Amino acid sequence: MITITQNLTLDEVEQIVVGREQIALSDEALARVDDCFRFLSDFARDKVIYGINTGFGPMAQWRIDDEHLTQLQYNIIRSHSTGAGNPLPVRAVRAAMLSRLMTFVQGGSGVHRRVVELIVELLNRDMIPVVPEHGSVGASGDLVQLSHIALALIGEGELFYRGAKRKASELFREEGIEPLGMYLREGLAVTNGTAVMTGLGLSNLLYAEQLMAWSLTASVMMNEIASSYDDLMSEVLNGLKHHAGQQQVAAEMRRIAAGSRSLKSREAELYRAHAEEVFEHKVQPYYSLRCIPQILGPVWDAIHNAERVLINEVNSVDDNPIVDPATQNVYHGGNFHGDYVSFEMDKLKIALTKLTMLAERQINYLFHDRINGILPPFVNLGVLGLNYGLQASQFTATSTTAECQVLSNPMYVHSIPNNNDNQDIVSMGTNSAILCARVVENSFQVMAIHMMALVQAVDCLEMADRLAPATRNLYDRVRALVPRFVEDSPKYEEIERLITLLKTEKPL
């Protein structure tokens with residue numbers, strides 16, 4: 001059980017979103033929600049406040065009569081539930097619900113405590129609203145997608161529950177759940193913010209960390225297969241480049257490589273007298289093997305910067321207007337604007353595309369016998385010409401990598417004015433996060449093919465016993481899902497099994 005008081009760490013987000021850890025709200029958090037609601041109830045009696053007694057967006061110039069104030073809050077939910085496309089992944093919607101919850105527990109939105117209690121109940125029961133992927137321009141936040149979450153809260157939408165899509169009205173009735181009512185500004189508060197792009201971003205971030213860990217282990221195994229010199233990961237060499245990511249990647253590679261009997265020492269092999277004029281073993285390997293710290297270092301930095309931004313966002317108040325009991329005021333502004341998340345998702349997808357490109361080039365090294373000089377074409381353990389090894393798998397890896405490259409064009413700078421030009425410059429943050437999610441999925445596909453190629457190469461060279469403990473662990477786990485093969489066989493099911501492994505488990 002995780003008790004939420006004010007802020008969450010990424011580890012706690014992962015436990016709640018991925019591990020489905022139960023949550024509770026502290027008395028302190030509930031007190032902030034209650035205090036803010038009471039203050040706004042009193043403050044709003046004789047004042048004009050956006051979204052409480054005015055219309056929304058460019059219709060804010062219209063005053064709403066007191067008799068219609070409750071209907072106003074329902075109207076924004078129903079009118080904005082216009083999403084289209086496939087449902088967002090349950091994991092991402094869980095993260096979006098958590099993000100919205102964290103905004104409300106800061107005590108700056110003026111919502112009734114029933115909102116936060118219901119979100120907690122649905123998360124704990126794993127009843128997750130069905131949210132279409134398309135509809136947000138990223139300001140006023142994720143109005144359309146959040147409206148689908150709100151629609152479920154008021155008992156009019158749909159939820160995923162126990163693997164099935166259910167009508168909220170039926171499910172709530174069966175489970176004895178009271179739908180959310182409108183007290184003051186609940187409709188606007190639930191629909192207005194960056195929670196969906198933040199939820200998608202957190203899901204992308206957690207997957208990105210998985211991909212980085214697997215990529216580093218795979219890259220060490222690549223160098224073991226090639227019998228590379230180990231100074232590519234030297235602390236001295238990489239310490240002279242003043243980038244934290246490069247130094248961290250090199251340090252992690254040294255940890256993974258510890259105990260390997262396949263890497264060579266340059267001091268032992270080359271720093272002595274030699275008579276030969278042409279060296280059979282490459283003095284320096286190809287860049288896709290030798291430059292791992294320099295290539296994955298910026299990716300490491302991008303992932304950790306995205307973590308900083310997303311954790312700041314999830315612990316922020318991204319509502320409008322902002323209700324502040326401490327200063328006895330209500331502030332109108334644009335905290336719903338998703339530029340921070342949008343920019344980070346563009347950067348993260350570019351970084352993951354580079355990681356995917358590295359995996360594709362390492363696959364090519366393993367498959368190209370005239371480049372590696374030690375393996376049969378396509379790590380084919382059968383009869384050349386009769387059997388084909390992983391030849392066709394390269395088509396999948398290459399085409400998928402190419403799609404990542406196209407998807408890496410930025411979304412952040414593609415603002416289109418809309419909403420009667422009220423929203424004249426927007427973040428497109430949710431689109432950016434969705435495209436990043438596509439790159440994440442593609443990267444796992446390419447990485448799965450890479451893993452198959454690596455273990456086939458290890459078996460071809462009969463070197464499993466010379467691997468480092470960490471890379472031997474990788475070899476054993478992949479081989480448990482994809483047995484050594486000589487004869488040709490379909491590989492699509494094995495690729496899916498490996499994708500599941502890479503997404504759900506961590507390397508040693």
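In the predicted model, the chain carries 44 positive and 61 negative side chains. The centres of these two sets of charges lie 3 Å apart. The accessible surface of the chain amounts to about 21700 Å², and carbon and sulfur atoms contribute 52% of that area.

In the predicted model, the chain carries 44 positive and 61 negative side chains. The centres of these two sets lie 3 Å apart. The accessible surface of the chain comes to about 21700 Å², and 52% of this area belongs to carbon and sulfur atoms.

The chain contains 20 helices and nine strands. Of its 508 residues, 54% count as buried. Among contacts with a separation of 6 or more, 77% join residues 24 or more positions apart.

The largest nonpolar core comprises 145 residues. L101, L366 and M451 have the most contacts inside this core. Helix 9 supplies the largest share of the core, with 18 residues. Another core, of 11 residues, lies apart from the largest one; L40, F43, V323 and V330 are among its members. When neighbours within four places in sequence are left aside, M451 is in contact with W214, A218, L474, V478, L498 and L502. Of these partners, W214 and A218 are listed alongside L474, V478, L498 and L502 as contacts of M451.

With a relative accessibility of 32%, D230 is classed as partly exposed, because its value falls between the limits of 20% for buried and 50% for exposed residues. Beyond its neighbours within four places in sequence, D230 is in contact with L263, K264 and S265. The C-alpha atom of D230 is separated by 9.2 Å from that of R290, a residue 60 positions away along the chain.

Several backbone features were examined next. Most residues other than glycine have a negative phi, and most peptide bonds are trans. Two cis peptide bonds are described here. One runs from A139 to S140, with omega near 10°. S140 is placed in the loop between strand 5 (132–134) and helix 6 (143–153). Another cis bond runs from N320 to P321, with omega near -5°. P321 belongs to the loop between helix 14 (292–314) and strand 8 (322–324).

R20, which is not a glycine, has a phi of about 55°. The residue is found in the loop between helix 1 (10–17) and strand 2 (23–25). R20 has a relative accessible area of 40% and is therefore partly exposed. M428, likewise a residue other than glycine, has a phi near 55°. The loop that holds M428 lies between helix 17 (391–407) and helix 18 (429–461). The relative accessibility of M428 is 7%, so M428 counts as buried.

Technical notes
Residues are numbered from 1 along each chain as its sequence is written. This is a predicted model: local features need pLDDT of at least 70, side-chain atom pairs count only at pLDDT 80 or more; totals for chains, interfaces and linings use all residues. Side-chain values use heavy atoms; hydrogens and water are left out. Buried means under 20% relative accessible area, exposed over 50%, partly exposed in between (1.4 Å probe, protein chains only). Contact means heavy atoms within 4.5 Å. Helices (H or I, at least four residues) and strands (E, at least two) are DSSP runs, numbered from the N terminus. A nonpolar core is a set of buried Ala, Val, Leu, Ile, Met, Phe, Trp, Tyr and Cys residues joined through side-chain atoms within 4.5 Å. Accessible areas come from the Shrake-Rupley method with a 1.4 Å probe; for residues, only the protein chains shown count as cover. Lys and Arg count as positive and Asp and Glu as negative; His and the chain ends are not counted. The place of a charge is taken as NZ of Lys, CZ of Arg, CG of Asp or CD of Glu.
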